[in-house]
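Let's take a walk through this structure together. Keep the sequence and the 3D view side by side as you read.

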Amino acid sequence: MITKWLGFSKKAVGSDAATVAEQLDSLGYAHLPGVITSEECDAICESFDEYVRQNQEEADKFVMSTSRHSRLTNLHLVSDPARAAIAKPRVMEALDAFFQDRAFVATSLFFEQSSEQAIHRDTPFFHTKPRNVFAGVWFALEDVHPDAGPLQYYPTGHKLVIDPIKVESSDELGAAFSEYTGRIASAVEREGIKREIAIIKKGDCFIWHPELPHGGTPIRRPGMTRKSMVFHCAPEKETMYGIEEFFGVVPFAPK
């Protein structure tokens, strides 16, 4: 079903893509079930395992106490199955509709287990001008178990206004980020926004707004995996800035 035309390319947007774009605006996230098959999920995991085997000496430097590897950046550059996942029309059309422009993949991360990362926003690391033309696109590569450190998020939390923080040197970035995430947590609590947990199925896709407060919950059963892959996407004509620009250490400049 065609609901509207996008002026940037005269491309028709289906009702599914328009709905996802509306949910990203209103809720800060969208859940798309069954975007990739179980076999496609397994193929992505196998490409990670193959990459580790081919680069064993380097990979061994990033083995954690759980015996799992830390996150791997940009697996999609060497993995056909990973590229095929993010290229699904259902996903890319939704991003095109949200951005009102054609989307591209900036970076990706592959996870063997939960990041257990505290509540944060992606904006400091994936910042655009104009703001918020970015999306995180997360694929569950296995069924998410409640004890495996599932994704946590705060619907509508992307609408919270957080006071800007400016610092003068790179040495201050760690403290600035900690203060910024603290302000996010305080704002969520002050506004009474309820946390939700993404117990989703293998092959599901979860897309979030750059300012959606989210993170990884603790792993409650040691050794459990939560294999997943997240892609960081923006309009192809936009420049992606990082933490130094966001906190004012260096000026925004063309790249």
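**Starting from a helix**

In α5, the buried residues are V91, M92, A94, L95, D96, A97, F98 and F99. Buried here means under 20% relative accessible area, while exposed means over 50% and partly exposed is anything in between, using a 1.4 Å probe and protein chains only. Helices are DSSP runs of H or I with at least four residues, strands are runs of E with at least two, and both are numbered from the N terminus. Since eight of the eleven residues of α5 are buried, the helix is largely enclosed by the rest of the structure.

A quick word on the ground rules. This is a predicted model, so local features need pLDDT of at least 70 and side-chain atom pairs count only at pLDDT 80 or more, whereas totals for chains, interfaces and linings use all residues. Residues are numbered from 1 along each chain as its sequence is written, and side-chain values use heavy atoms, with hydrogens and water left out.

Now for the inside. In soluble globular proteins, nonpolar side chains tend to be buried together. The largest nonpolar core in this model has 38 residues, and L95, F110, V137, F139, L141 and I207 are those with the most contacts inside it. Helix α5, residues 89–99, gives the most to this core, with seven residues. Apart from that core lies another one, of 17 residues, including I119, Y154, L160 and I165. A nonpolar core is a set of buried Ala, Val, Leu, Ile, Met, Phe, Trp, Tyr and Cys residues joined through side-chain atoms within 4.5 Å.

Take a look at F139. Setting aside neighbours within four places in sequence, F139 is in contact with V35, I36, A85, I86, V91, D204, C205, K227, S228, M229 and F231. Contact means heavy atoms within 4.5 Å.

Back to α5, which has a helix packed against it. Two packed helices are described by the angle between their axes and the distance between the axes. Helix α1, residues 15–26, packs with α5 at an angle of about 55°, and their axes are 8 Å apart. That makes α1 oblique to α5. Axes are lines fitted to C-alpha atoms, for helices over the stretch in contact, and angles run from 0 to 180 degrees between N-to-C directions. Under 35 degrees counts as roughly parallel, over 145 as roughly antiparallel, 65 to 115 as roughly perpendicular, and the rest as oblique.

Which residues of α1 and α5 meet? From α1 come D16, A17, V20, A21, L24 and D25, and from α5 come R90, E93, A94, A97 and F98. By class, this contact of α1 with α5 has seven nonpolar, no polar and four charged residues. In that count, Ala, Val, Leu, Ile, Met, Phe, Trp, Tyr, Cys and Pro are nonpolar, Asp, Glu, Lys and Arg are charged, and the others, Gly among them, are polar.

Next, some backbone details. Most residues other than glycine have a negative phi, and most peptide bonds are trans. Q100, which follows α5, has a positive phi, near 55°. You'll find Q100 in the loop between α5 and β5, and at 39% relative accessibility Q100 counts as partly exposed. E116 is a residue other than glycine with a positive phi, also near 55°. E116 is found in the loop between β5 and β6 and is partly exposed, with a relative accessible area of 39%. P130 lies in the loop between β5 (103–111) and β6 (135–140), and the peptide bond from K129 to P130 is cis, with omega near 10°.

G34 sits in the loop between β3 (29–32) and α2 (38–54). G34 and C205 are 171 residues apart in sequence and 7.3 Å apart in space, C-alpha to C-alpha. Not counting residues up to four places away in sequence, G34 touches R90, G203 and D204.

Then there is K88, in the loop between α4 (80–86) and α5. The C-alpha atoms of K88 and R220 are separated by 33 Å, with the two residues 132 residues apart along the chain. Leaving aside neighbours within four places in sequence, K88 is in contact with V35, I36 and E40. At 21% relative accessibility, K88 counts as partly exposed.
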